[in-house]
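This report describes the overall form of one protein chain and then a few selected residues. Please consult the sequence and the coordinates shown below while reading.

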Amino acid sequence: MSRLLKICFLLISVNHAEITYSQNSEDLPPLLHKAMEEIITGKYLNALLDILHFQSSNVWTADMLTKVMAYFHAQEVTFNLSSLQMSIKSYLKNLLYQPRQLLSEFQQLDQQQFQTAMKYLFNSRKDHLEMGNIILDWDKIRERIFQSPGVNRTLFHITLDKCFLALSALDCVDILSQVLRVSAVNYLQPDVIGSLPNILLDDAFRNLSTVFKDLYDKTSANTQRALYDWMKQILQKSYNMSEFNESTSWVSAENLWILGRYMVHLPLEEILKISLSEIRLFISYDNATKQLDTVYDITPELAQAFLERINSSGFDMRNTSTIYRLGLLVCFYDGMEQMDAAVARALLHQMIKCNQLKGFQAEVQKLKSQLLNIAMQNQTLNDTLGSLSDAVVGLTSSQLESLSPEAVHNAIATLNQVSGWAKSQVMILSSKYLSYEKVLSFYNVSQMGALVTGISTQSFYSMNPKELSQIIRGTTSQYLSDLSPAQQQGILRKIAASGDFSSSVKDIQGAFFKEISLSGLWKQTGYNSSMMKEKELRRSQALYLYELLSKKNYPVDLLSTGQLVKGVTCQLIESMSTDGFLNNFKLFEMNLHLLSPYQVNCLAWKFWKVSNASIPPFLLLVLPTDYLEYVSGSLCFPFIESLGKTELDLLNPSLHKKNAVLQKIQECLNGSVADEYDVDLLGNLICHLPPAFLHGRMSLKAMATALHQFKLCQQLSHEQKTEITYKLLELYGSPNNWTAETTLDIGPFIALLSKGELNILAEKFPDTILQIAKTIAPISSAEELLSTVFESISNATATVESSLTRPDCLGTRAPSSDEIIKLAEANVFWSVQELKCMDAETFDKNVELLGSVSGFNSSQLIALKEKAKQVWGSLPDWKSYHIVSLGRIALALTEHEIEELDLHSIDTISVLSQQTEWTLTQARSILQGFLEDSGQTIGTLKSFDLVGLGAILCALNSTEVMSIRTAEFSAAVARIGLLFCSTPVLRQFKKVTESVFGTAASWNSSILQEIGTIAGGLNESELKAFDKKLMPYFQPIAVRHIPPEIFQALSAEQIANLGPENAAMVTRSQREHLNASQLQSLQLALDGARTSAPEIQNGASTTQAMQTPAPSGAPCLSGFGIWLCAAFTLHLAF
């Protein structure tokens, strides 16, 4: 930049010399004359556009520059040069930071200026602009323009407002498509659709329709409806109106193709009027199938109306060729009377797509079940298995158990492509397949696809290590991340024991690499930075590997791998040179989601130290709250913009600091969110606005735009949701008047409506309410909504009395498969008696879904457990897949019942250990059952056994913990460090950890990260002995598990060095044991205060540092040189 500025000042000097010696004031060309007038009046944007247009057909000459300077001289224009330069800079920044002003400026452009602006913004292929001797990096400027919140919205509005009058319709459509791809969901609001041109030439309309079809999933339901109405309006105009009457439809084959996915908005009566010849022509199109494959939100009524017209048009609906053309319409196929098995199989083959539908899965499952029965007519399941497509997912465990190993082997090419398997089904099919193959080899495993997850951990461990190494490298590797931690550990343990581990490490990709223990990494060699690019790392692994690789690699090579940034310590950041840090900062910023809040805090202090004038505004958030005082005026916009593009929770601010930030944001917004431009600016910050602010300071205009953003928020409080719902009621009126589209757009916020309002919506739009309820869990956040759904489904379904003949079930309603699938979490409203009266087939078919319901109480779980006993027989007869399929229902098993189960498989235990509600006695029974049934003792357990036991390990006693073999413990320690065991158990784990890593006094940062909660077992003297620099490397969950009476032993200096994330994890009881000095240190850690160096400079120098420095050098002089400096200022502003 400094080189460019020198050119600027050199040119100014030349111009100044020309004024001195030339008094020639010949007339300028009209356009250049106009531009100079605009410079004088401060219309710099207009002037820039006129100059760009002028130079597109003219060459700059020395004579031209002389005339420009003479013109200014003749006008006797005098400038306060310094203030002019600042005003130009301020003006250009305002255009970027105040998109409303930019909109106003654009609206005042004449037609030629607008055309020039559009040309250079959207159609110019130039990456540099030349203005005289000046070269501007136009690509960089344009990129900055498009990244600015609100500027894209301004360009969208101005394109709608002026483009179709100034440019060709095709050019405008192209510009709209470029702008809309940035944020269609926010810009394309229903009221804006009214601004779309209602008369367009054919090509332009088709192109714009294609843009809208591509953006369908990114727009709201109301917008989709509005766009359909706009398309319909134009299509009706183009239709031969002389042929148009009430009995004929404007919907031709071509119009259906133009509508694309918007065809789902056609009214039922319109579909039934479509000419049969047009329907026949449409289905004959080669791309009709592709279009019908994408109508994910079609309803059964509309789909069946289309099917009826297709049938009436002369197509044979049982012809395989026709079936293949129907796309997602097959999901609602009817007319199965006298259907033969071949047609049923063809339909099932096509119905593999139906899981993409946005609803109606219960109806789809019902249809698949009917077709399955037809497809198997006069044949056994063994004979037809390979031709049933994904309908096999609907088979019960008893049906799958009845299959022969040979049948599974013969059908593996179909089975390995099916998705949606339950864990129990995969276990059965894998067992059948492998029992036929006899020997587990790389080839056999590679044939299994997704079924590979059903291979037992012990089977993996029994494989030839070379075959396992091939699995890691082969196509099956894509399924390795789907294996349970126990299965992954079984593979790694076998390869490690073979001595072939070093050569395999480089081939282990993705999340699977995270299962390698720290001690396992220590034993290997040959690491390099390039092999880390496709791996996910735990922080302990990254700390070790970064330190190791930094001895032979430059920081840029390590940071560019992504995951290794997790291993950058504060000391490494501090030691970076100024240039090295600034050059590499972009790599940190790109991987912000991988950094801990402590690392971000270190980056902020480093940036403040080396270049506080250019510190990215979001980093101010992690500095002490005092630093927010420097955010005001011109710094407000970049501060909010920077935070809006960042996930605030990644920075993990304390509650006090978060409130201070939100207060600053409210100040910057002048106390309100006024319109859509404020919503654009806030970005992700909108999720954190306090309830009171949402209530009184958010306009309805802003609310309409913000709704989509609110739906994406992950952790809105109940109070925030309540205020948002009030605003939505204010915006859309009473739910009595809502459309299905409005209901769908409001989505999860309907859970905050009253029971009466929900009943109204459920009566009007039962399918929509059901679709929304499927996305909401757990019951505690939406009890009224789920109960409304339950009542709606119950009332809509004909009462099915229990088929059981027990006296207590006579007259009792019994849950059906259809209802259970539709209800999902709302199944919690079945009474205990109704669950008891469920028939055996329904239970067997839906046990996994019932086991996933989080809201069942203990009485309901007991009823379901008893039902399992009735269906599957006595407990000793239950297979592993039965136990695995229970989910939460297993929690109802008593200690004595657990003792009766066959628990020999660690894979069964691995699934049971995922439940978090076991009592200590239940956990103890599971542990004992596993040891007895597998014939093991604690001392013989392998690392994969320890990993599979998971939380059950918390039931171990002191003697048992000390019996664990060191080598096995070291391989599993990272997983054990995730457990929330009692303090006595953690103390025993700590002792075993010392046998792996040495005494606690010798532990480093990577070890502390590796052992997790086990650090909660440290005693007072061990904790006090830790160097303060190690305090941030305790895992946050470990801090919470340090007993208060031990935690208080930390010195004030150690506490001050905990780092923001660990400080935030300190519990109330831990705080209560701290003295005043320790509490003060804790507050410093929470604030992100600097503990290693002076924290804040004196007020004057700090304030100066926060200001954006003006470019150095001589001030701009009068005339054209001023404009050129303005152009540079634009360049520098970006």
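## Residues with positive phi

Lys438 counts as exposed at 70% relative accessibility, where exposed means over 50% relative accessible area, buried under 20%, and partly exposed in between (1.4 Å probe, protein chains only). The structure is a predicted model, in which local features need pLDDT of at least 70 and side-chain atom pairs count only at pLDDT 80 or more, while totals for chains, interfaces and linings use all residues. Residues are numbered from 1 along each chain as its sequence is written, and side-chain values use heavy atoms, with hydrogens and water left out.

Lys438 is not a glycine, yet has a positive phi of about 70°. Asn378, also not a glycine, has a positive phi of about 60° and is exposed, with a relative accessible area of 85%. Their places in the chain are set out in the table; helices (H or I, at least four residues) and strands (E, at least two) are DSSP runs, numbered from the N terminus.

## A buried serine

Ser517 lies in the loop between helix H31 (501-505) and helix H32 (518-522). Ser517 is buried, with a relative accessible area of 9%. Its side chain makes a polar contact with the side chain of Ser519 at 3.3 Å; a polar contact is a pair of N or O atoms within 3.5 Å, and within protein one must be able to donate a hydrogen and the other to accept it, with residues adjacent in sequence counted only if both atoms are side-chain atoms. When neighbours within four places in sequence are left aside, Ser517 is in contact (heavy atoms within 4.5 Å) with Arg538, Ser970, Ala971 and Glu1010.

## The chain as a whole

The chain has 70 helices and two strands. Its radius of gyration is 35 Å, close to the 32 Å that the globule rule gives for 1134 residues, so the chain is as compact as a globular protein of that length. This radius is taken over C-alpha atoms, and the rule is 2.2 Å times the number of residues to the power 0.38. Along its principal axes, the C-alpha trace spans about 110 × 90 × 55 Å.

Buried residues account for 56% of the 1134 residues. Of the contacts between residues at least 6 apart in sequence, 71% join residues at least 24 apart.
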